[in-house]
Amino acid sequence: MKTWLSLIPIAALVACNPTPVDETDPTDATPDAGTDAETDTDAEETAGLPGTDIHLFALDWASGAPVLGAAAGGVMRPGYDNQPFFTADGGLLYTAGDDSGETDIWRLDLASGETSPVTQTPGESEYSPRIAPDGRLSYIYQPPGGYAGNAYLANPDNSDREPAEALAPVGYYGFSGDMSKVAVFHLGEPMTLQLIDRTTTPETVTHIADNPGRSFFRAARGPAIYVTLADEGGVHTLHALNTRTGELREMFTLPGTSQDFAVAVMPDDRVTFLTVEDGQLLWRTRGRWEPVAAIDWLSGVTRLALSPDLSTLAIVAEE
C-alpha cells in the first residue's frame, strides 16, 4: 500500500443532516450522489498525462444550503490523478497515471488515508471508474497500442472482466438502473451521445445528440441519466436522457463554459446540483445558480464528485 496524501479522517468531519432544497427533477428520477470544465476527452488528457490532483472538502448543509468546510486532504502527488468516484463503503475510486503514460484504477480509503491499486495491467489502461448498478466495478478499458476503449465490467478485484458494450472508442458512460442500456460519449467528429441497448444481439446503438459533455449521472429512481450538451459557443445545457425511450428533456444551462457537475440527492428525494465556474463553487437553487464559496486558489478545476452521504466533496484541479 501507498499513502500519497494528507487526509483528515472522514469520521472526524462535521456530520451531515441536509434539509430539502427546491430543485426538483422534472423526470421524477432521483440521481445517484456518487460520480463523474474543459472540453478535452480522456484520450487527449492522458496522451500527455497532465498533472492533476484530487482535493477533498468537508461539506455541511445549513437550512438546505451547502456550506463548504475545511480541506480534508486528497490525492496529491506528481502526475495524473483524476475522475473521482465515491463508493458506499467509504472509499474513493480514481484514475492514476504513471511515467509510461498508462493509467490504472486506485482506491483511497477515506478513514485511513491509505491508497491501493484496484487494477494493475501493464501495457493496458483503465479510466472512469464507477460502481455499476449491479455492484460490479466498471471502467473504460484501453487495450495496448492506442486509444480504442469501451466500457468494461469486472468484479471489485478486477477479476472476470468483460466488455459491457462493443462500441469504441468511448470516453465516458452511464448505465441504466437495470443495466439494460448504457449511454456513452463516443469519440469522433463530432463527438456524439449514443444509447446502447445491451439486450439485443448484436447490440443496438442509437444516436441521441452531438457534442455531449463528460459528466454522466444515473438516476436511482426512474430511467433518467443526466448529461450535458454543448452549443456552438461551448455553453453546456443539462438534460435528462430517458434510457427507455431515448428522449431528452432540457433542464437548465450550466454557467460559463462549465461542463462538470455533481448531484446531491436530498432526504425528501429532491435534487440539487453543484458546479464550479470562475473560481466559485456554485449550487442550483430557486431556478438559478448561487455562490457557495470561493475556491480561486484552485486552478484548472474540472471534475466534481459528491459522497453518498453528502458530507464530502471532491474537486479535481491542476497541480
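**Figure 1. The largest nonpolar core, seen around Leu274.** The largest nonpolar core of this predicted model has 21 residues, and those with the most contacts inside it are Leu68, Leu274, Leu306 and Ile315. At least two residues of this core come from each of these strands: β1 (52-62), β19 (262-265), β20 (271-277), β21 (280-285), β23 (304-306) and β24 (312-318). A second, separate core has 15 residues, including Ala224, Ala240, Val263 and Trp289.

**Figure 2. The open sheet β2-β1-β24-β23.** Four strands make up this open sheet, and their pairing is antiparallel. Which strands stand at the edges? They are β2 (65-75) and β23; each has a single partner strand, so one side of each is left without a neighbour in the sheet. On average, neighbouring strands here are turned by 25 degrees against each other, direction ignored. Within the sheet, β1 and β24 run antiparallel and are joined by seven bridges. For a handy landmark, find Leu56, which stands opposite Ala314 in β24.

**Figure 3. An edge-to-face pair, Phe57 and Trp297.** The model has 10 aromatic pairs in total. In this one, the ring centres of Phe57 and Trp297 are 5.9 Å apart and the planes make an angle of 65 degrees, an edge-to-face arrangement. Phe57 lies in strand β1 and Trp297 in the loop between β22 (288-294) and β23, so the pair ties together parts that are 240 residues apart in sequence. Are the two partners buried or exposed? Phe57 is buried, with a relative accessible area of 3%, whereas Trp297 counts as exposed at 54% relative accessibility.

Figure 4. Phe252 belongs to strand β18 (residues 248-253) and Phe273 to strand β20, so the pair ties together parts that are 21 residues apart in sequence. Both Phe252 and Phe273 are buried. Widen the view and you will find one aromatic cluster formed by Phe217, Tyr226, Phe252, Phe261, Phe273 and Trp289.

**Figure 5. Arg130 and two aromatic rings.** Which rings have Arg130 over their face? One is Tyr173, with Arg130 at 5.8 Å from the ring centre. Another is Phe217, with Arg130 at 6.0 Å from the ring centre. Phe217 also takes part in the aromatic cluster of the previous figure.

Figure 6. Strand β4 (residues 91-97) is mostly covered, as seven of its seven residues are buried. In a regular strand the side chains alternate between the two faces of the sheet. Here Gly91, Leu93, Thr95 and Gly97 point one way, while Leu92, Tyr94 and Ala96 point the other way. Strand β3 (residues 81-86) pairs with β4 in the antiparallel sense over four bridges, and Phe85 has Leu93 as its bridge partner in β4. The hairpin of β3 and β4 has four residues between the strands, and Gly90 takes a positive phi near 85 degrees. Five residues lie between β4 and β5, and Gly101 in the turn has a positive phi of about 90 degrees.

**Figure 7. The open sheet β15-β16-β17-β18.** This open sheet has four strands with antiparallel pairing. Its edge strands are β15 (217-218) and β18, each pairing on one side only. Strand β17 (residues 236-242) and β18 pair in the antiparallel sense over five bridges. To find your bearings, look for Ala240, which stands opposite Arg249 in β18.

**Figure 8. Gly300 in the loop between β22 and β23.** Gly300 is found in this loop and counts as partly exposed, at 30% relative accessibility. Gly300 and Asp278 are 22 residues apart in sequence, and their C-alpha atoms are 9.7 Å apart in space.

How values were computed:
Residues numbered from 1 in each chain as written. Predicted model: local features only at pLDDT ≥ 70, side-chain atom pairs only at ≥ 80, totals over all residues. Heavy atoms only, no water. Buried < 20%, exposed > 50% of the residue type's maximum accessible area, 1.4 Å probe, protein only. Pairing = 2+ DSSP bridges. Core = buried A, V, L, I, M, F, W, Y, C linked by side-chain atoms within 4.5 Å. Phe/Tyr/Trp six-rings, centres within 6.5 Å; stacked < 30°, edge-to-face > 60°. Lys NZ or Arg CZ within 6 Å of the ring centre and 35° of its normal. Axes fitted to C-alpha atoms, helices over the stretch in contact; angles between N-to-C directions.
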